[in-house]
Structure formats: C-alpha cells, structure tokens
Amino acid sequence: MATNPFDQQQAIPGVKKIIAVASGKGGVGKSTVATNLALALREFGNVGLLDADIYGPSLPRMMGALNQKPTADGAKITPINRYGVKVMSIGFLVEEGSAIVWRGPMLFKAMDQFFRDVQWGELDYLVIDLPPGTGDVQLSLVQKVPVNYAIVVTTPQNISLIDAKKAIDMFERTGVKIAGVVENMSYMLNPANGEKIQLYPKGELDSYLDAKKLTKLAEIPFNTSVSLGSEAGVPIVESNSEGVESLCFKKLALNLNQMK
Ligand SMILES: Nc1ncnc2c1ncn2[C@@H]1O[C@H](COP(=O)(O)OP(=O)(O)OP(=O)(O)O)[C@@H](O)[C@H]1O
Ligand SMILES: [Mg+2]
C-alpha cells in the first residue's frame, strides 16, 4: 500500500506555531509581509523567520543580514539573530545572485535541514516565507511539518486573485487552516492631500472571500517607505513602528496571536 506522505509530518521541537506566508503570484509582497509580521510578532514571544524561497531568497537583504554566515554547532546550524528574530535562509549559504539548480530530492533534503538541523530553540512563532506558486516547496512544507496557519498575500486586482485562489485551493486540499488573506498594496495615500489612490484596480477579492467565508486580515497600503526599508534591510516595523503600514502589520500579528 502506498504510504501517506502526510505521515512524515513531524513537529519541530520547541516551536509552538508555524505560520506560512504564501501567494499564487510572484512579487505581491510575501517577503515584505513575512519580515514585518515576524517583527510585529516579537511582542508575543520568541520569533523565527525561515526563508523557504530556495530559488530567490530575499530575507538576508530585507532583514539587513547580507553576508552574514550562520555558524555550525556540532551537527546543528545556529540561525542569524537580527532585530531579535532568528533568521535562516539559503541565501546565507550561497552568493547573492547565484542560481540554485536543484531537483526535487535535493529540495526536499534542504527543507528537511531547515526544520531539523537548524537550532531554532524555543519559538512561539516560526514564520515561513514561501516562494510564489503551488509547487514542490509548498508541498514539501505541508508534508513535513504541521503548519498551524497559512496567510495568503495578494494585491487587489483579479490578475493576482486568480493565482491567490490556487494557493487557497492547495491549502484546503492539504488540510492547512487558512488564517486569511492579506491585501497588499491595497491603496496609496496621496501625500499631498491624504486621499486614497487605487494603484491596482479593485477586483473581486471581497466577494470571493465572502463566498469562501475567508477573512481579509489586513489591507496594507503601498508606501515607498516600505520598499525602501526592504532595500535598506530595515523593515518598516523596525524603522517607523507607529506609521500606518506598521500599524497594519501589528494588527495582523495581534489577530494571529488571538487565534487558537
Ligand atoms: N506595501 C508595500 N508598499 C511598497 N512597496 C512594497 C509593498 N509591499 C511590497 N513592496 C515592494 O514590492 C516588491 C515585491 O515585494 P516582495 O519581494 O515582498 O514580494 P514577494 O511576493 O515576496 O516576491 P517573490 O514572489 O519574488 O518572492 C519589493 O520591492 C517590495 O519592497
Ligand atoms: Mg519573496
């Protein structure tokens, strides 16, 4: 009889809750949400941040930890501590800009090492930044560890929603609870008069969420200070913790912390 791949699921010792940040479409702001959420969650305990985007790791740069090298302690790798968050990324082990060409088995092995060979210690939250789509990394994640919640990030327009639906479908099929959807770059506040500018047209996201009984967890505005912060390696929640965008991330963290 074929074995059930979900039988391989094993908790990560010491880690209380695993939160996966996913999207169907690329470039909608998963890594931005994952980093700022991780920082906002510090208020509720010890936080780890795992960059599972094997093919395009962004977290070393976004967390201001470029060129840092994790040290090995026996068979275990010690994650990088940045802004009080334990960070691990394949980007710490390879040169930025070099391509990683891995087939399925190597990727599965790497995911195993992230979970089993990294000294995560006692964590209240491990936030996982996923690559876009519904491929091998996502599947291997949900098979290997019990993910408590998935957060699906999308931008407002239908072009992104079409792909977000696929990510939602994948989590539903694999039995992962979806905390809700984050609408990123939801609008922009005109600096001159404070009016909302709709950078992307509103699609059918709200009616889709209603029909699926899914929650919109946050509407995060577009603000160049968010992207500049990511480039500079100082996430907005760290540099301007009371700004509109940071308050959105903090509310998101609060919401998650209230979930059972
Ligand atoms: N709310 C925002 N305001 C301004 N810029 C943003 C916002 N959210 C994301 N960005 C910018 O958009 C770009 C894409 O964001 P990010 O890298 O987080 O997306 P991603 O979904 O992780 O992409 P990928 O699919 O490549 O992993 C980055 O330059 C980021 O700084
Ligand atoms: Mg990313």
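Predicted model: local features only at pLDDT ≥ 70, side-chain atom pairs only at ≥ 80, totals over all residues.
Let me begin with lysine 213, which is exposed, having 6 other C-beta atoms within 10 Å; by exposed I mean that 12 or fewer other C-beta atoms lie within 10 Å of a residue's own, while buried means 20 or more and partly exposed lies in between, with the C-beta atoms placed from the backbone. Lysine 213 sits in the loop between α6 and β11, and its phi is positive, about 55°, although it is not a glycine. As background, most residues other than glycine have a negative phi.

Residues are numbered from 1 along each chain as its sequence is written, and chains are lettered from A and ligands numbered from 1 in the order in which they are written.

Asparagine 67 is another residue other than glycine with a positive phi, near 70°. Asparagine 67 belongs to the loop between α2 (59-62) and β3 (71-73), and it is exposed, with 8 other C-beta atoms within 10 Å.

Turning to the ligand, which residues come nearest to ligand 1? Of the 21 residues around it, they are Gly26, Gly29, Ser31, Thr32 and Ser227, where a residue counts as near if its C-beta atom, placed from the backbone, lies within 6 Å of the molecule. The elements that each supply at least two residues of this shell are α1 (30-41), β9 (178-189), β11 (216-222) and α7 (224-232). By class, the shell has seven nonpolar, 12 polar and two charged residues.

Helix α7, one of those contributors, has Val226, Gly229 and Ser230 buried. Seen down the helix axis, these buried residues fall within an arc of 100°, so they line one face of α7, the arc being that of the directions from the helix axis to the C-beta atoms. The face turned away from that buried side carries the exposed residues Thr224, Leu228, Glu231 and Ala232. Among the elements covering the buried residues of α7 are α1, α2, α8 (236-239) and α9 (244-258), and α7 is followed by glycine 233, whose phi is positive, near 80°.

Helix α5, residues 158-173, reaches 22 Å from its first C-alpha to its last, close to the 22 Å expected for its 16 residues, the expected span being 1.5 Å times one less than the number of residues. Its buried residues include Leu161, Ala164, Ile168 and Phe171, and the buried residues of α5 pack against β1 (15-22), α4 (136-144), β8 (149-154), β9 and α6 (205-212). Just after α5, glycine 175 takes a positive phi of about 75°.

Finally, the largest nonpolar core has 70 residues, and those with the most contacts inside it are Ala20, Val21, Leu37, Val127, Ile128 and Leu252; such a core is a set of buried Ala, Val, Leu, Ile, Met, Phe, Trp, Tyr and Cys residues joined through C-beta atoms within 7 Å. Helix α1 gives the most to this core, with seven residues. Leaving aside neighbours within four places in sequence, valine 21 is in contact with residues including Val33, Leu37, Val127, Ile128 and Ile151, contact meaning that the two C-beta atoms, placed from the backbone, lie within 7 Å.

Key. Helix = DSSP H or I, 4+ residues; strand = E, 2+ residues; numbered from the N terminus. Nonpolar A, V, L, I, M, F, W, Y, C, P; charged D, E, K, R; others polar.
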